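The report below takes up the fold, the overall dimensions and one part of the surface, and gives the cut-offs along with the values.

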Amino acid sequence: MAVIAVTATDQLAAALPYIVLPAVARALPGYGLDVAGLALVWGALYAVETFTSRVPLLGWILAGPSTLYGLILLARWIGLSYCARRHRIGWE
């Protein structure tokens, strides 16, 4: 949430707890589901990395694109989460 605050306001001071914690409290019901979903995606990325590291050449070829796709998916999910809750968060 702190990264979203800094990105939305273009100020490093937006990452301070007195700004971020009230925003988390206002967005909490849906934000908890987002955090759980992001944890699942991160776990899937870790599993892919673990399993593909055992195969010498094919693992290296598959690990890069799958990690890049996962990071793009996480960034998109975080952006959509902010867009859906921007009025409740109040950083505009």
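## Contacts and overall form

In the protein, residues 24 or more positions apart account for 61% of the contacts with a separation of 6 or more, a contact being heavy atoms within 4.5 Å. This is a predicted model, in which local features need pLDDT of at least 70 and side-chain atom pairs count only at pLDDT 80 or more, while totals for chains, interfaces and linings use all residues. Residues are numbered from 1 along each chain as its sequence is written, and side-chain values use heavy atoms, with hydrogens and water left out.

The protein has four helices and zero strands, where helices (H or I, at least four residues) and strands (E, at least two) are DSSP runs numbered from the N terminus. The radius of gyration, taken over C-alpha atoms, is 16 Å, well over the 12 Å that the globule rule gives for 92 residues, so the protein is more spread out than a compact globule; that rule is 2.2 Å times the number of residues to the power 0.38.

| Principal-axis spans of the C-alpha trace | Value |
|---|---|
| Protein, along its principal axes | about 50 × 25 × 20 Å |

## Surface

Buried residues (under 20% relative accessible area, with a 1.4 Å probe and protein chains only) make up 26% of the 92 residues. The protein exposes about 6400 Å², of which carbon and sulfur atoms supply 75%, with areas from the Shrake-Rupley method.

L58, in helix α4 (residues 56–89), is partly exposed, at a relative accessible area of 48%, that class lying between buried and exposed, the latter over 50%.

Terms used: Accessible areas come from the Shrake-Rupley method with a 1.4 Å probe; for residues, only the protein chains shown count as cover.
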